[in-house]
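Thanks, everyone. Have a look at the model.

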Amino acid sequence: MLNILRKFSWLKRISIMVIIAPFALLWGEVYTRILVPQNVDSKMNIYASDPVIGFTYKPNASTYEKGREYNALYRINSLGLRDREYGPKQKGIFRVLLLGDSFSVSHGLPIEDSLSRQLERALQEVANIDGVPVKFEVINAAAGGYSPYNYWKAYSRWAPVFDPDVVIVGLSPDDYDSTNAWSNYLIEDGDTLAIYRDGETPQKGGGSLVRQLRKWLSWNSEFYILLRNFLYYNEISGRVSMWFAAKEEAQINQLQQFITPQPESITQSWKASFSYLDKLHEATANDNVSLLMISIPLKDEIDYTQFQRTLAASGLNQSQTDINQPLKEISNYCNARNIPLFDPRPAIKARHLEDPCYFVYDGHWVAEGIRVATASIAKQWRDLRLPPWDKYATLNKSQKLN
């Protein structure tokens, strides 16, 4: 082919390539769909504006969240939560309101494997063994993109609806960032078109033509997804792209909450996030509702090899980081306010050595990671005699709930 092209002028060569390119791309698309099918990206147009939280899911919406390693159904209930339907709380029901971000809503996983469902099962199992006569309901009020600001607002939004006995917040190292505080969201047909604050005029933006084209291809072309996955996740090209990202400080931004000494900007960001958690703490205390927190680890905190790769890509060295720094921040905050904090890290680390607890490329935890975490949390919950165990400390196994 190249020898034939050399016989023509540059103009003719370009013309021939322009003519051939569509057929080559079409062949690539057909080849990919038949022999190496890929999951195209889902549009995830299932969001709705909310006057209290900022945004939530669109009631009764349904879509699939697709990626290289997952194809998970998102079915939203009539209230706008990724969960089952709930009626008024009945006698014997112990309700836990789960607040958090993509880790808590369980990105990439079916609802049966989610944090809310697995925590519900783990708590029920321990309660049944101990003879605590309650039925647990863990309500999934989390959403991807939420921050501590949204956790506070989500409690005020959902507490009157569900009358929870306990509120539990999934906190990750990324929760230092609450820059979306007081934001409004312009959402049409489930798509977020603009984010703005009071007094601002929302400006709809679809991005550049290149960005719009990339989005369209990611939604429609399996061949594009195959090429993108190769470029993003191939060992060689991945290292090159991560190196360039590091030079642009993108990777450093991912690690900035681990940098030591801690940058002043991160210190101030944690301070802002904790101020919203203080508001949540005050609100739950006023309602006589127990507030608990889970320190959710990122993959870098569990997988040493992964962390070393991220370090290498960032241009930082080990002495410039403290992998436990976000955990220390969260622990110090909770200890100062007597908020029980669950840390599933030891259990997840031990299990991850035998069976992966996180997606390979995505970085969120998989069903096994959540299973190990929730089993650890349920035991810690019982050992600390937190509600409802505080009221049933004298019960024995003969009084077990059937």
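Start with the term: two strands pair if DSSP finds at least two bridges between them. What we have here is a predicted model.

By that rule, β7, residues 166-171, pairs with β10, residues 290-295. The sense is parallel, and there are six bridges.

Now zoom out. The sheet is open and has five strands, in the order β6-β5-β7-β10-β11, with parallel pairing. Which strands stand at the edges? They are β6, 135-140, and β11, 341-342. Each has a single partner strand, so one side of each lacks a neighbour in the sheet.

Helix α4, residues 115-130, packs on this sheet. α4 touches β5 (93-99), β6 and β7. Its direction makes about 165° with that of β6.

Next, the second largest pocket. Its space is about 240 Å³. Lining residues include Ile-93, Phe-94, Asp-165, Ser-290, Asp-390 and Lys-391. How does the lining divide by residue class? Six are nonpolar, three polar and three charged.

Last, the helices. α10, residues 264-286, packs with α13, residues 325-337. The angle is about 35°, and the axes lie 12 Å apart. The crossing of α10 past α13 is right-handed. On the α10 side, the contact is made by Trp-270, Phe-274, Leu-277, Asp-278 and His-281. From α13 come Pro-326, Glu-329, Ile-330, Tyr-333 and Arg-337. That contact divides into six nonpolar residues, one polar and three charged.

Key: Residues numbered from 1 in each chain as written. Predicted model: local features only at pLDDT ≥ 70, side-chain atom pairs only at ≥ 80, totals over all residues. Heavy atoms only, no water. Helix = DSSP H or I, 4+ residues; strand = E, 2+ residues; numbered from the N terminus. Contact = heavy atoms within 4.5 Å. Axes fitted to C-alpha atoms, helices over the stretch in contact; angles between N-to-C directions. 1 Å grid on protein atoms, 1.4 Å probe; cavity = no way out; pocket = protein on both sides within 12 Å on 5 of 7 lines; lining within 4 Å. Points joined across faces, edges and corners; volume = space filled by probe spheres on them. Nonpolar A, V, L, I, M, F, W, Y, C, P; charged D, E, K, R; others polar. Left-handed = near helix turned anticlockwise from the far one by under 90°.
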